[in-house]
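Thanks, everyone. Let me put the model up, and then we'll walk through a few spots.

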Amino acid sequence: LDALKEMVKQDYFKLGLVQYYYPDQKTILNMLFDNAIKLDLWNINEDANHGAYEEIIDKVKNDTNLSKKVTVKILLDYFSKKPFGWRDIDILGMVGCLWKNKVIQIFIHDNVVDDKNSTFKNDLVHKTNVDTMVIKIQEKISDDVLYAVRRIMNNTYSENIPLDEEQLKSGVIAFFERKKKFLSDLKTKYGSDYAGSKVATDIYNDFQAILKSSDTLTIFNEIIARKTSLEDKAETLEQLEAFYKDGSNQQKTYKDAVDIIEWYTNNSLLEDLSKLNDVVNKMNAIVDMELPFSKMSELASLVFQAAEIKDRILQDKFDKVKKQLERDRDTISKELGEAMVAQLTEDQKYRIQEKGDAVAEQYESWLGSINKNTTNLDAYLNASANTVKEFKKFIAKVMAETGTTVRSKRITVIDCIPVANKKVTSADDVDKVVSAIRTKLLAELKENDELNLD
């Protein structure tokens, strides 16, 4: 037995480098998931397995120097044989400990594994996919890199983050995650085409590239590599945040400008909006800019001018429509009055009065509901003209209800006037027109019982 032990010692002379043995997989998992572990308190030289750790580190360094890829599986195969003979569970535990304490890095498909990756932790303990877990020595980040990153964050974004590596990393990640979410929310809310959208996409891509890896050095190097791009777009990022802040006056001004331009475009073919041409063209030039933010003061002044002009146009249109409705109402009232003194039966008068009352209520409703901001005021004009026409037809129809045959003729008044007298420029011209109409009508009455005038 002693001879056998001696032979084992000779063949596995590095077996004793492992002094702490992991009792089970659960112990390794607890270590990997323990967020209370203070990394700065762990000293590899004071660990019971420090000799074994040195062997693992040397193996990774040597193979890496020879351009060989080192995986967890390779370490399991290597350290389970002579002269080591270590158990797989101990090798996995020590690899996990080195990774947990940031002595080594582990990559899966070229992506560095971070401490939030629960799948990796479970796979490691259960020896699943260990041939895809590539190991590299964790590079120490130089002070020059830390200073460079801190200076970029301070000078570019006025972010004063402590120089400590972990605090710098967490501060950087928190900042870019926050800004990335803001830019992402813009796209969700406004789609792909909004003021500043192209530059916002460029900024978002910078931030996404910085946050792509969870490896500290990779993040820092990405920030340094994108220094110029970050600096060039920092002011635009501030403008985007100010513009799209809830309740922003700039955004309200921009929206008001867009609304006026849309109103102008929708109505310019139907109305004379020439008074707005100049100011709308100027607003369009600003609204169409990719980055209109520096022009917001100018745009606010243009919106104020345009709103005043638009208000006058709407008021003039409203006054015109209102006056026409009132004239049409007076015309109907006059027609009703004339009908009430005509030689009609009580039933005929009752029906005409009833119709007149209904029409009067309609006009009260129209005049009470419209204002300068009412859309499609022309529809009221058309409806009113049609109402006057239909009311006249109704009266004519009722008056035509007699038991005897009536000789009736429709006369167009304008046809009663000679061509030479159709141009009126004086009181004498008016007398000539009236005389011509009178003569024509009296002549027609000799052969007709009634005349209907158009």
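Start with Asn-249, which sits in helix H12, residues 249–267. Is Asn-249 buried or exposed? It counts as exposed, because its relative accessibility is 62% and the cut-off for exposed is over 50%. Keep in mind that this is a predicted model. Now look for Asp-114. In sequence, Asn-249 and Asp-114 are 135 residues apart. In space, their C-alpha atoms are 43 Å apart.

Next, a surface patch. Val-424, Val-430 and Val-434 make a nonpolar patch of about 230 Å². Take one of them, Val-430. Helix H17, residues 427–445, holds Val-430. How accessible is Val-430? Its relative accessibility is 39%, so Val-430 counts as partly exposed. That class runs between the 20% and 50% cut-offs.

Last stop, the second largest pocket. Its volume is about 640 Å³. Which elements give two or more residues to its lining? They are helix H14 (296–340), helix H16 (377–399) and strand E5 (450–453). H16 gives the largest share, six residues.

How many residues line this pocket in total? There are 17. Nearest the pocket centre lie Glu-335, Lys-392, Ala-396, Asn-452 and Leu-453.

To recap: Asn-249 is exposed, Val-430 is partly exposed, and H16 gives the second largest pocket six of its lining residues. Over to you for questions.

Note on methods. Residues numbered from 1 in each chain as written. Predicted model: local features only at pLDDT ≥ 70, side-chain atom pairs only at ≥ 80, totals over all residues. Heavy atoms only, no water. 1 Å grid on protein atoms, 1.4 Å probe; cavity = no way out; pocket = protein on both sides within 12 Å on 5 of 7 lines; lining within 4 Å. Points joined across faces, edges and corners; volume = space filled by probe spheres on them. Helix = DSSP H or I, 4+ residues; strand = E, 2+ residues; numbered from the N terminus. Patch = residues over 30% accessible without salt bridge, like charges linked within 9 Å, V, L, I, M, F, W, Y side chains within 5 Å. Areas by Shrake-Rupley, 256 points an atom, 1.4 Å probe, with all protein chains shown as cover. Salt bridge = Lys/Arg side-chain N within 4 Å of Asp/Glu carboxyl O. Buried < 20%, exposed > 50% of the residue type's maximum accessible area, 1.4 Å probe, protein only.
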